[in-house]
Amino acid sequence: MSDPVSALNGARFDGIASVEEAGLCGMITLRGDFASAGFAAAVNSITGAALPEVGRIAEGTEGAAAWMSTDELLLMVPYAEVEARLAALNEALKGEHALAVNASDARAVFRISGDGARETLAKVAPVDLSAEAFQPGDFRRSRMAQVAGAFWLNGEGTFTVVCFRSVGEYVFKLLSASAHPQSAVGIYKA
Amino acid sequence: MSTRLAKQGRLIDRNKQIEFTFNGKRMTGYAGDTLASALLANDQMMVGRSFKYHRPRGLVAAGSEEPNALMQLGSGDRYEPNQRATTTELFSGLSAKSQNHWPNLEFDVLAINNKLGRFLTAGFYYKMFMYPRAAWKHVYEPIIRASAGLGKAPDKETKDADTYEHFYFFADVVVVGGGVAGLQAAKAAAASGAKVLVLEQNAYWGGRAPVDGGTIDGEAPEAWIEKTRAELAAMDNVTLRDRCMASGVYDHGYVLGYERLTDHAPGQGGPRHRLWRIRAKQIVTATGAIERPLSFAGNDVPGVMLAASMRDYVVNWGVTPGRKVVVATNNDDAYRTALVLHEAGCDVVRILDARNNGGGDLMEEARQKGIRVECGRAIAKVSGGKRVKKVAICAQNGTGGAQEEIEADAVAMSGGWSPVVHLWSHCGGKLNWDDAQAHFRPDAARPPLGDNGKGFVVAAGSADGEMALGPVLVNASAAGSKAAEDAGFPAKTVAAAAGVDSVEAPMEAVWLMPAQADIGLRMKSWLDYQNDVKVSDVQLAAREGYESVEHTKRYTTLGMATDQGKLSNINGLAILADSLNSEIPQVGTTTFRPPYHPISMGVIGGEARGDIFQPVRKTPMYEWNDTNGADWEPVGHWRRPFAYVNKGESVHDAVNREVKNTRENLGLLDASTLGKLVVKGPDAGRFLDMMYTNMMSTLKIGKCRYGLMCSENGFLMDDGVVARIDEDTWLCHTTTGGAESIHGHMEEWLQTEWWDWKVYVANVTEQFAQIAVVGPNARKVLEKLNTAAGGGMDLSKEALPFMEWRDGKIGGYDARAYRISFSGELSYEIAVPASQGLAFWNAIMEAGKEFGVMPYGTETLHILRAEKGFIMIGDETDGTVIPQDLNLQWALSKKKEDYLGKRAHLRSHMADPDRWKLVGLETVDGSVLPDGAYALGEGINANGQKNVIGRVTSTYFSATLDRGIAMGLVKHGPDRMGEVITFPGTDGKTYEAKIVDPVFYDKDGEKQNV
């Protein structure tokens, strides 16, 4: 086995915001019944996080859990541990009707930071990215121009964007164009 | 002559001179000029030729309603036709050319059309060019297209050099228009705490209030505008954007804003235009009003201009279109123009007020200044050709006789004001006819309705039909408060600023000047300048039976030009109403549609251009494929190698080489794009039994089964190999194109029909790089990798038999190996994590050297499967084909009570023995059948066409068999083995092919099962 390679090998662009590929992140797609206590306990046992509220990401000590739909979560764990965590999760979910799969390699992940981060995203995603509307911990499954994408905001004002690996290059170029140094809208501050 | 005045010009900076060219001639203007004002300052009165008659045309207006001054701007990859001089801010180096003339603006050969006017009436092309029929396409149309038209289309080989972008924004209240009404409405809305966005199309705020005068809160309007703008700008909940026009209002409070970022400063860098895609809870349209022309003969002679626009040129840019000006009006506002001209030192030779009693205070003021005012008088005719020279005066209430002729070089006309109701109307806001002001104004009781059944647009100020400064501000303040309240904010009344201006006498509708103008005059009285529609054209249409305003519009082309009838609509429908002996409100308006004013095609596309025009999906091996000769083929958004072409080799050669090498040695296929869906749950087996035509629930763990999927109408929609992973988990392979759609198909059935079944589906297509290792040496290369890694998965026939799968390590990589074959050869499809796909591929390529490894592309994949008689979704199927057509009855379970498609297969047409069925086709001479060719039957059908009895679905040259092979659907095909049928090609040849078994190679399947 060789070193795993992410879609864009750490590409970076600096404009009104910095766009950089974040490298491989451990991700588990988990579907199940949110109302089940066993389900919530299993999520917590893997990530240390509680179940996220609708449209939010819940950070835990060991990872994070993001709300994808009424029966789907995206669990984030360290890439090197994803298979072990997945096995533990499946163990914890025994007796539950649930589906957990490793989706780490199916994704490309980017970080957008800097003053123009909100505007960079607001040019490609039909989402209210004003500071009042989109706050740290908010998670949105949406689209980035012509492809599916999801993103969330952390406490330091950095967005993490997740898309499919096959369109990683498209999304990187898209976000780079969106962050063109002379394209500030002048509406949102960091 | 038109010239720059010594004083005036509040928007220009006389210290900054700017050079530009018009039709190659060097001219100068000032910073703050529009192209239009700069042309006037350079005495360029004539700016183009008209559409049909090629008449000389000059500037009529000063804003976006301008119909004549359309220019071709820039050159090369920044060339753009049909740009309005009035909305083009002047910049250094601007190069403009006038349009629609040949050979040049001053001398235009096609002005002969002017003399042929009586043959070019409304609908002339419907009448004149009927016969002979063929002449339309080959003679008339090309000539008409060449003679009528606007600017030249950009060269098809050039690409727009600029970039564009979109921006999504959300607001409680969007205020359209930054005039005094818009600012007042924004202030009222913002006071409630609502998030307010104000869009102003110009580079300056306040609209036309500074030009029109009066006082606001005791100050000059300009002072109030700047104070209010600054107040709003300082508020956190308010966003102000200038150079940003709201171009359309759409359902559910969607507004498009067209922001022009660098048009005034090219070379600044960054996007040229930005399209604001705005969601608003409420929209205030403070879009002002547009002045109407008067319909008199020669009202299109350069130098005839809207009165308020002429005032704009004087006050805003310090230019006057003429030194000796005649003013014609039916209302008091035009007197302001006379006063401004007088103040600027121009000679206002006459004010012709069509009203018998004239106007109010403003008329008195004009008289006091010594301006000659005549009431009940009108313009009979303006003459002069390329510039106003003479104005013939007559009684308004007459036919145009008893004329007095006076000399003048410009005419200011005012036929009253029409509120800009476009944005109010885009989503269905209704209008009322206001008889006193002779215009349509929004009916507040019938606004466009949102999803909650309540109105989401509020009109404000002049756009709501208020024409005096005081009422405008009161109306706008109320509109702003209402919008905020309707957006869910507590009602808050904000005192409107106090606007005071002159008391005006009532206007009087004048639709034709003089009122009973004879036909000679009516044929020279223009309604629609841009499309050359005259009063006589609309009257003719009415006489010919066009009663609906929408029909008349299309017959005469009234209001169909790029200005969308901003000036002509009301005048035109008033003439129509009069001709029909009807009332204006009964005739009604045509439909208002976005955009309000043309927006660039570039901004609609936004960032989608060049390498982000469309997403390209790339597998982990994409770069390797690309550097190793891949001839790319688009498969959905994916790119897959059609073949790997070596240096000096044709694509066809490459394919033949790949086919033979895979059969004889070892081939590698990047199969990563195949869909992979995990289906899990206690009801997963039952669910898959419904999805597939064959039985999946009985599949043993560790085994694979080929499955077919039908739509509920029985048509074959997808196929693929299904693997049983554990007790309640299956992995379903789909076609490349089916990954997302079959995922959606499964979710749809689970969510809408079998919502109580315990099944989850996840699409893991992109988690894996999948590589098909194919050929007699397939096992050897993998075992070599395992040996090198010190062990790995047992890949022997016994440990991993055909149609089974195993998890384990191959060459040290985490792998899942499927013993499946789409080629008929010994074959392993191996899935590894995508992040290791390229490394694994490289490892096989390296280890495979001694075994003759070569990558192969999709064409070889197709040929290999066709040699084996395997069907391909999309080739043998086209949405009308059922499994039975393809002799796949074996895959239709008889044990299952139901599956999708089962009931549909019982329909009589599906069970019809005459359905075309799959067979192999072998040309008699070994050539390759044309793809899609039809087989001829006996006789002809009811349409006189030859009957057909089949068609080619797949056809290739088989390097293995050294001949053409094909599959096709043929009527009674399987019963006609050995028969020869004929296929006419589109190349003029006729092909003869023998019907054979579709399996051309290794009929017993021995090679794949070793």
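Predicted model: local features only at pLDDT ≥ 70, side-chain atom pairs only at ≥ 80, totals over all residues.
**Domains of chain B**

The domain assignment divides chain B as set out below.

| Domain of chain B | Residues |
|---|---|
| Domain 1 | 164-289 + 418-500 |
| Domain 2 | 508-587 |
| Domain 3 | 622-672 + 767-864 |
| Domain 4 | 675-766 |
| Domain 5 | 870-996 |

The centres of domain 3 and domain 4 of chain B, taken over C-alpha atoms, are 25 Å apart. Between these two domains, eleven residues of domain 3 of chain B are in contact with ten residues of domain 4 of chain B. On the domain 3 side, the touching residues comprise eight nonpolar, two polar and one charged.

**Contact between chains A and B**

Chain B meets chain A through 39 of its residues, which are in contact with 41 residues of chain A. Several elements of chain B each supply at least two residues of this side: strand E9 (164-176), strand E36 (675-680), strand E40 (760-763), strand E43 (813-818) and helix H24 (837-847). The greatest contribution is that of E9(B), with five residues. By class, the side of chain B that touches chain A consists of 18 nonpolar, eleven polar and ten charged residues.

**The largest nonpolar core**

The largest nonpolar core contains 360 residues, and those with the most contacts inside it are B:Val173, B:Ala189, B:Val284 and B:Val411. E9(B) provides the largest share of this core, namely nine residues.

Leaving aside residues up to four places away in sequence, B:Val173 touches B:Ala189, B:Ala194, B:Val196, B:Ala280, B:Lys281, B:Gln282, B:Val284, B:Ala483, B:Ala484 and B:Ala487.

**A six-stranded sheet**

Chain B also holds an open sheet of six strands with antiparallel pairing, in the order E47-E48-E49-E46-E51-E50. Strand E47 (934-940) and strand E50 (980-984) of chain B are its edge strands, each pairing on one side only. From one strand to the next, the twist averages 35°.

E50(B) pairs with strand E51 (residues 990-996) of chain B in the antiparallel sense, over five bridges. Opposite B:Val980 stands B:Lys994 in E51(B). Helix H25 (residues 858-867) of chain B packs on the sheet, where it touches strand E48 (946-958) and strand E49 (963-971) of chain B. The direction of helix H25 of chain B makes about 115° with that of E48(B).

Technical notes: Residues numbered from 1 in each chain as written. Chains lettered and ligands numbered in written order. Domains from an automatic or database assignment. Contact = placed C-beta atoms within 7 Å. Nonpolar A, V, L, I, M, F, W, Y, C, P; charged D, E, K, R; others polar. Helix = DSSP H or I, 4+ residues; strand = E, 2+ residues; numbered from the N terminus. Core = buried A, V, L, I, M, F, W, Y, C linked by C-beta atoms within 7 Å. Buried ≥ 20, exposed ≤ 12 C-beta atoms within 10 Å, placed from the backbone. Pairing = 2+ DSSP bridges. Axes fitted to C-alpha atoms, helices over the stretch in contact; angles between N-to-C directions.
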